[in-house]
Structures are given as structure tokens and as C-alpha cells.
Amino acid sequence: MGDALHAAPDHGPKKRSPVSTTLILFIVLAVMVAAFSVLSRDFSSFLNISTMLTNISFSGIVAGALTLVMITGGLDISVGGNIALTSCLVAYLYNLPHPVPGWALVPIALALGAPIGTFNGLFITRLDLNPIITTLGTMAVTRGLGYVLTKSRSILIMEDVTGFIGRTVIPGIQIPIPLVLFLLVFIALFWLLARSKFGRKVYCIGANQAAARASGIRVKRVKFLLYLMSGVAASLSGLILTGQTAVGMPQQADGMELDVITAVLLGGTALSGGKGTIMGTLAGVLILGVLYNGFTMIGFRYVHIRVFQGILLILIVALYEMREKKRF
Amino acid sequence: MSGTPAAGGHERLSRRGIGDVLLYGKSMVPALGLLLAILVLFFGFMTKNFFTLGTFKAIFSNIPVIAVVSIGMTFVLLAGGLDLSVGSILGFTAVNVVLFHDWFVKLGIPAVWLPWLVILCSLGIGIALGAINGLIITRIGINPVITTLGMLALARGMASWFALGFEILKTGRITDPVFLNMARAYLPDAKTAIVPITLVYVIVLYVVAIMVLRYSRYGRNLFAVGSNEYAARLAGINVRRVKFSTYVISGASAGLAGAILVAQLSLGRDDAGLGLEMDVITAVVLGGVSMAGGKGSLYGVIIAVIILGVIRNGMVQLQAAIGLSYYWRDVVKGLILILAIAIDAARIMATKRRQVVRQ
């Protein structure tokens, strides 16, 4: 898999040194995997790798959709709340006196992300509101609705369809289902961003919005579609998390916006927009996933990782800033 | 909300109705005052015990934390920045207040001095973390959202780390009556308790902050930086220093609020102030401080803080009166935040249109 990824061309608009950033990231990833395998014997066990990949898939799907949003210069921090509401809704519907059948839960969950994304998209594009604050508001609204639905309790959901999505490993080849979904989403996003006309529009808007509008791109519609996509992707992640943890509660995915934004920025997407690739985000997601897992394996606790996360986020952006200025 | 006159803006500006004055006027204070009055009347009619001294005391002992942190956030927003880390800085301070208090007691410092020393320490911690934010933002030039999001994780992580590491933080209790009275006392005296002492602190802090914004050179520089950074630099204002100072002030106010919160709850835990940034940004933006910087006043902010306090208290009473689940509070909060920035956006658009008309 690794070689195919290295060969993938870097489709950022600025081609100072093609593939370099992404290549560096994948080298870092390889070094980290090697280091953790030496430091902790359990790191390379099948059980750990499987869990790690499931966790990566869960946040990676959101990070992938967020990459496109961030390339246009936007931001969506409502994803954590969206995931929490999805898990609450699915668990709530399954625990009604007349439970909603399992096969119906998946479309319902995915359909939940659409109105949330629509809400974000409409407010940000039509009323021209600040995306950070708007999605901060949506985060509170969605998580709040989760509290209303569950009355702040955790609802158990032992159900086959969500369980299949979140917990199953394909027998024989030993690949967890979330990883399959993650790869499918990334292939689709890669095609969309690097190969399709829509992707060119996304880069164009991020690089210069006024120029994009002048050249006939319907900026508002493109941005709206991206927020919609981000909403649906978050709901898909919510389904995976619900299946994996078998519980719906409003505190799910608390603070995950930080993980996801860090991964996207690590992948080389600029916060000011116009720059970034799906391959970069893939590398970012994998590096962070391996890092957190490896740290846990060698004995750090969640609180230490949290401190480290904060420093890492600032450090990453500082490094990219320096790279931009001094070109190392 | 979407009442932004897209077409026919000229006519609307020449005939300004009462709605235009309220929504697009220079000050948000009349509109906010009206909203507050409507809310108070609404809750008064819907619930039984709203117009009581108990409600008054409950509201005014609940708002000091948000009110104090809102001062710092106002300074940051006026200079065109954003600070998402206030809740975490407050949490880290709260944990440290307990630690320092314990340490000072063991050192044998007399009880009279102790609260003041603890408050100095919490201010110091807030200033230190705010200064780190400010340095990263102004010296390295990293986006304030990313920097303070990083600090949000960092400070909360450190608070939880401390909470795991120190025995005293297993409970986090403080029972020292002198310290607790800092935030729990009532005026005029304990018997005829009417005005919570924290309300006095809030009033003093707001008066000082309003004076600074209005009459000091620093205040004028702050507005200049927020409304046009480039012009401010040309005018000889040290833009970096002004921006740096706002994050320090924000950190300091979060630290102070941490000490107040611990004294109010007699409890300093690592989850103190979780999600506070939401409440504070809502209050400040609803109060008419523009996200674009350079516009706004603390008069509007304090009214907005009171509005949020009234809504919170009113919703608790509504649950008792008509059975509306209190869990709707976060939904309401989020919607108010979005409404607030929608109004802000409409006001910015109206200003732009006015400038176009003048030209």
C-alpha cells in the first residue's frame, strides 16, 4: 500500500517541490512505526494494530472531508457534536418500545448529518457568518440535542448492523470494516479533489475567492456542498463509533475536533486555504493515530497525551510557517 | 435574522425606523435592554417564583465567572483576535488555587493574608498562560484560533495531570472560611443578605475596564488596532504589543475567575470551566462586540451576560413550571450564539452600505 501512496502525485497548486511534504510525512510515519515496535512489544500485536486502525478510520473519515472544507479557507468544529448526536439518535431509536430495525438505522444516521451540514453551510455561505463561531454554535446545539434525547444517560446498543460497521473484522484477510470504509472514502475524496473539476474549483476558491467568483465558479454552492459533505462524513464516523463502543451518549467524541484539525494541518493543509492534499491528510491521520497509540503503549496516560496534543498543534503550524518563509 | 435589506438599502437608510435604530444603531445597548426586559417579563409570567429576591441572588451569584472572563475576551475581540483557551486556563487555575492554598497553609501564612496571596498566584498563572498565547500569536505569527485551541488542550491536560498527581486534588475541597467568604459573602451584612459580594467585584472591574477602554491612550490604541491594523501601524502604534497585551488580560481575567469559582464552589477540580469559551464568546458577541474587531463596548457585554444568566435561571424554573427539560440549555446556548453572530454580520453589512452611500 505504501508504495502506491508515495507514487501518488501531489496536487497542490503550488509545486515548489512536488511530493516532498507528503513524502517526509510518510517517512516520519515509517520511522515512528519502527520505533514503537522496538519500544513496545505489544504495539505490533494484531489486536493493537486492529484497534489502532479502527480508531484511525473513525477520525480519518472526518479529517478527509474537513480537508476540503479547510482548503476553501473554512473550518468545521461541529463534527464532535455531530458524532455525539448520531450515536445518541441511533441508540435512542433502537431502544424505543418499538425499536427501529437495524437496516434502517444506517440511512437514518447518515440522513442526520445532512441537515446539520446544511445548517452550517447555509449560515456560513448565505449569511456570510464566521465559520468557526457558527460551527461552535452548531456543536453546542447538536451535543445539546444529544443530552435532550438521552437525558444525559448512556444508552446501550447491542445491535448487529452497527456492530458490523464498527466491530467486525473481515475473516481471512483480517481487515476491520471501518478501515474498508475509511479507504473507500479516501479514494473517493482523492478522486474528487485531485482528478475532478470540482476539486479544481475547491483549490481555486481557497487560493483567491474573488478570482474564483469572477471566473464563474459558484463559490457559495461549492462551499455549501463541502459543509454538507463534512456533516455526512461526521455521521458516518458517528455510526462507526456507536458500533465500536456499543453505546450512545452525548459525551462521545468530546474534543475530537482538535484531533481532526491537527491531523489536517499536519498533512500540510494551510488554515488560510488554497493548499492541501488528501494524501497529506492521510499521512497526518496515520501519524497522529500511531503516535497516540504508541504513547499509550509505552505507558503515557490520556492526560499526558492531551498536553502533548496542544503543543503538537502549535508546533506543526509553526514549522509549516517557517517552511513557508525560509524554505527549509 | 435574515432581515438584511439587500435591495433598496438607500431608502431604508434615509428613513430609519425603530427597528433600524435597534439593530443597526451605533450601540447595541437599547436593543439588549429591550431583549432583557422581554425575557424577564416572559419568565415572570411563565413561572411562579421568578420575581423574588432568591432569583435575583441566584442570577447574580451565577454570572461573575462569565462576567469577569468576558472582560478579557472583549479586549481580545476588540483587537481583532480570538481566545478559545479561557475555559482551560480557568480549569488549570482552579486546580492550582487548591494546591497553592494547601501549600500556603502548610507554610503557616496567617489566614488574613492567605486569600490575597492565592488570588495573586491565580492572576500570575493566568497572566503566564495568556502571555504564552500572546507571544506565539504575535512573535511567531500563528493564527490565534490554532494557538488558543492548542492552549485549550494543553492547559486542560495539565490540569488533569495535576489532578491525578496530587493527593489533595482527589477531592479538591477547600474549607477555609476566610477564603470562601471572598466570594460567598453578602452585603450589607450576613443577616440582611441582599447583594452578593461578587457583584461588587464585577461592578468594580467593569468600571475600571470601561475607563481604560474609553479614556486611556491604551484603549484608543486598542480600537485603532482592531479597526485597521495597517493604519494603526502607520500611526506609530506598537501593534504587536497591543495584541500581546489583550491575550495577557484575557489570561488574567480567566485566572481571577478561576479563584472566584473555587471560592464559590469550595471545590477546585480539573473540569472547572469546561466549555466556558462558548458562553463567553456568546456573551461578548451578543453584547455587540464585533468579530471583525474595533467595535463594541462593555456596556453591551454586561447586559448580554445578565441576559444569559436570566435565560439559564429562567430555564431551571421553566422545568419546574411547565416541565421543559433543562437539557435544552445547550441547544438554546448554541442558537443564541449563532443568532448573535448573525446580528453582528448584519451590522457589519449595514456599516459597509452606509459608507458606500456616503461615497
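This is a predicted model: local features need pLDDT of at least 70, side-chain atom pairs count only at pLDDT 80 or more; totals for chains, interfaces and linings use all residues.
**Entry 1, confidence.** I then turned to chain B, where the average pLDDT is 87 and 95% of the residues score at least 70. Among the elements of chain B, helix H5 (residues 64-78) has the highest mean pLDDT, 96, whereas helix H1 (residues 9-14) has the lowest, 48. Over residues 1-13 of chain B the pLDDT stays under 50, and for this stretch I noted 11 contacts beyond four places in sequence.

**Entry 2, where chains A and B touch.** I looked up both sides of the contact and found 34 residues from chain A and 38 residues from chain B. On the chain B side, the elements giving two or more residues are helix H7 (114-140), helix H8 (144-165), helix H14 (276-286) and helix H16 (329-358). Of these I marked H8(B), which gives the most, with 15 residues. By residue class, the side of chain B that touches chain A divides into 25 nonpolar, 9 polar and 4 charged.

I next followed helix H4 (residues 79-94) and helix H6 (residues 131-150) of chain A, whose axes come within 8 Å and cross at roughly 20°. An angle under 35 degrees counts as roughly parallel, so H4(A) is roughly parallel to H6(A). I recorded the crossing of H4(A) and H6(A) as left-handed. The residues making the contact include A:Leu85, A:Cys88, A:Leu89 and A:Tyr92 of H4(A), together with A:Met139, A:Arg143, A:Leu145 and A:Leu149 of H6(A). The contact of H4(A) with H6(A) divides into 9 nonpolar, 7 polar and 1 charged.

For helix H7 (residues 160-167) of chain A and H11(A), I noted axes 7 Å apart and a packing angle of about 100°. These two helices, H7(A) and H11(A), are therefore roughly perpendicular to each other. Among the residues in contact are A:Thr162, A:Ile165 and A:Arg167 of H7(A), and A:Leu239, A:Ile240 and A:Gln244 of H11(A). The contact of H7(A) with H11(A) divides into 4 nonpolar, 6 polar and 1 charged.

Last, I checked helix H9 (residues 197-207) of chain A, in which A:Lys201, A:Val202, A:Tyr203, A:Cys204, A:Ile205 and A:Gly206 are buried. I then asked what covers the buried residues of H9(A); the cover includes helix H3 (46-71), helix H8 (177-195), helix H10 (209-214) and helix H11 (219-245) of chain A.

Methods:
Residues are numbered from 1 along each chain as its sequence is written. Chains are lettered from A and ligands numbered from 1 in the order in which they are written. A residue is buried if 20 or more other C-beta atoms lie within 10 Å of its own, exposed if 12 or fewer, and partly exposed in between; C-beta atoms are placed from the backbone. Helices (H or I, at least four residues) and strands (E, at least two) are DSSP runs, numbered from the N terminus. Two residues are in contact if their C-beta atoms, placed from the backbone, lie within 7 Å. Axes are lines fitted to C-alpha atoms, for helices over the stretch in contact, and angles run from 0 to 180 degrees between N-to-C directions. Angles under 35 degrees count as roughly parallel, over 145 as roughly antiparallel, 65 to 115 as roughly perpendicular and the rest as oblique. Ala, Val, Leu, Ile, Met, Phe, Trp, Tyr, Cys and Pro count as nonpolar, Asp, Glu, Lys and Arg as charged, and the others, Gly among them, as polar. pLDDT is the predictor's confidence in each residue, from 0 to 100. A crossing is left-handed if the near helix is turned anticlockwise from the far one by less than a right angle, and right-handed if clockwise.
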